[in-house]
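Me: Could you show me how to read a protein model, one feature at a time?

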Amino acid sequence: MKLGLVSALALIAATPAAAQDIAMQPFPVDHEVRVDSEADARFLLDGPAGKYGFIEARDGHLYRPDGKRFRCWGVNLTGWTVGGEEIPSHKDAETYAAALARLGVNCVRMHFLDRPDTENKVRNEGADRGPNAGPFTHGPRGLIRGDVDNSRELNAERLDRLDYWFAELKKNGIYVNFNLNVGRVFKPGDGVPDADLIGNAKAYTYFGPELVALQKEYAQQLLGHLNPYTKLRYADDPAVMTVEVVNENSILEFWMRNWLRGERVKGGKNLQLDMTPHYQALLVSMYNDWLAKNRKPAEIAQLRTLAGVAAGQPVPFMRRGDHPDAPRLRLDAELAFLTQVEIDFHADMKRFLKEEIGVKAPVVPLADHTYFIANQPLMRTAMKSDILDAHVYWQHPAIYGKRNEPMVNSPDLSIIQKLARSAAVGKPYTVSEVNHPWPSEYGAEMIPILASYAALQDWDGIFFYTFETKISGQWKPAVADHFDITLDPAKMAQMPAGAMIFLRGDVSAAKEVMTRSYSTDQISEASRMPRAEMPYYTPGFDKRIPLVHGSRVSCLDCKPSLPAPLPPANPIVSDTGELSWKTSDGEDGIVSVNAPRSQALVGFVSANPKVQTRNLAAGDIRNRFAAITLSSLDGKPLNLSDRMLLTTTGKVENSGQKWDERRAMLTDWGTAPTLIEPITGWIQLKDLEGAIGVSAQALDGSARPIGPVIRGKMIEPGWEIAVGTPATTTYLIRVER
């Protein structure tokens, strides 16, 4: 008995401390009271934006005119939450332009400017926000006057606000991506057929002539406008990084999702299409004109037979449900026609922007944003553009059922996989929307993982969705929306760390780029593959490749090729050796980043005490889940750095929030202030050459010092820092030598 007890005690002593529940502590974020801090990443920006000239898309990446690579670490700007604002007042513009610069943000995406200037209450299930919208949401206030019976007039006061906001961003070194068609709702006074039926006219905007003309008019009003604060038209301002033509809008997407096809009804007749009769007739007419020019008479006759219509009658589109089993003649004809509609529209819009308005910035036509359908057809359109772009969310709130799961446990399903599918050889690649939406107990994993693998993939830009400037005196320190990261203590703490990883290039690009290509037949068949094939819709493609090597599409409609699968491996290690992703049968996942100037441990740290990097170890952390990053603030390698940023982030909640019975969504969003689970225990800083003293200063949600300086304790591997008291997400580390 005594021997057994002694052995048991010895085993307990040798086992790392078990993860424990840590009390949640108040930790509000307040950008208004933040001042410049040694922990800022403003040094990464080189303002004013555009001082070197216009950003250029060439040789597969974005460049400044002086030949230096240009990357975007950015946010979308919207105004969905009560207390938030799409276009801030002059005072708030000054506050938040400086706040974004301190976070290392060097680009913003101006989103939803084409909405009305009045606050529009939206129901939780409203089309603009999707299901389960937070209880504090309203519609963003944009530029378009909401008090008239058309959507063609801009509000002069709102435009002045935009001009000042742009000027402040530019002054702080922040570039702007302007979106054109996003959330505009057309009105009867616009002269648009069926204006009261088509909502924001997604897909109709590609072929309705009145809608196309109105999009051009709006582009002229915005980009041809002279900003009195910069003395430049937006078309002539090099602080405009890019212009996006449409947001989450593709006629091919709707075709693959059955939008164009009518219902099967008894008797097999095509009762109706999802389009209004006017647009149905217009598109069918365009389709038949295209067939007359691009298909032989015998093929057109066969298409009529397949559609069950008499000779001389127009060939209709397939009915809903016909797509999976359709003969290739019919499938290929519709796919080719709709692709040409998209290509022609975007070519005309680019010509208009460049030649008639004089836009100098690169033009982005559209984004791949539906990983649950194939993207190869859409890439035919995108590949003709200056820049490729994509959107993705980890467990979007519109997904019902089980949510609130850690991405770190699912490398094969991660946002890295869903984004990497759309990068191509010879084209810059940006991610203009991405987030781990609220609520999630694992949201802290997003920024360090995405920044690291985006750097490995050598992408050109990331814009988190979304950042909302707050109206002075009208906001509370709580997370009020699924997507607003502005007051999220974990994500705000990690923005500077992510900026150093991605903007500064702390994580190296992959040594080898693996390419794949698709034949015309493969693209056609991909368009009707089941969801089980997502996100690549490429049988035989090893989804681990983007976690190891660079991954690109080399060509479309050419000889098909596919890289060989990788040998089994756990952890999955990048070919640079800097990134490692480890799981245990889908549990206890952890990502480690081991680069000279930035290192991280992200995931179930306490379950993986042996996972560490050259300069960072966290074997005695009491929390089950944590995202810990360590970055050099003086540009030196961590082993030589005198000043470092340490972030320790985990769960974030609102006060009093309540989960449903599945711990998937909230039944009560709670109130202010936000709470954090402080990462508690000891962190080791190792191999600090010549160090004679190490200290850590905890910072609050405004980057101000809180509590006494924490003195590091010298131990055999290096220096040990006690974390967790006071409760914080961020420490400024100083090393004496």
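**Reading the model**

Reply: Start with Asn76, which is buried at a relative accessible area of 0%; buried means under 20% relative accessible area, exposed over 50%, and partly exposed in between (1.4 Å probe, protein chains only). Keep in mind that this is a predicted model, where local features need pLDDT of at least 70 and side-chain atom pairs count only at pLDDT 80 or more, while totals for chains, interfaces and linings use all residues. Residues are numbered from 1 along each chain as its sequence is written, and side-chain values use heavy atoms, with hydrogens and water left out.

Me: Where does Asn76 lie, and which residues does Asn76 touch?

Reply: Helices (H or I, at least four residues) and strands (E, at least two) are DSSP runs, numbered from the N terminus. Asn76 sits in strand 4, residues 72–77. Contact means heavy atoms within 4.5 Å. Not counting residues up to four places away in sequence, Asn76 touches several residues, including Arg109, His111, Phe464 and Tyr465.

Me: Is Leu77 buried or exposed?

Reply: Leu77 is buried, with a relative accessible area of 2%, and is found in strand 4. Leaving aside neighbours within four places in sequence, the contacts of Leu77 include Val108, Trp165 and Phe467.

Me: What about the nonpolar core: which residues touch the most other members?

Reply: A nonpolar core is a set of buried Ala, Val, Leu, Ile, Met, Phe, Trp, Tyr and Cys residues joined through side-chain atoms within 4.5 Å. In the largest one, with 175 residues, Phe178 and Phe464 touch the most other members. Helix 8 gives the largest share of this core, 11 residues. There is also a second, separate core of 28 residues, with Ala618, Ile679, Tyr731 and Ile733 among them.

Me: How do helix 7 and helix 8 cross?

Reply: Axes are lines fitted to C-alpha atoms, for helices over the stretch in contact, and angles run from 0 to 180 degrees between N-to-C directions. Here the axes of helix 7 (residues 297–307) and helix 8 (residues 328–357) come within 10 Å and cross at roughly 105°. That makes helix 7 roughly perpendicular to helix 8; angles under 35 degrees count as roughly parallel, over 145 as roughly antiparallel, 65 to 115 as roughly perpendicular and the rest as oblique. Glu299, Gln302, Leu303, Leu306 and Ala307 of helix 7 meet Leu329, Arg330 and Ala333 of helix 8.
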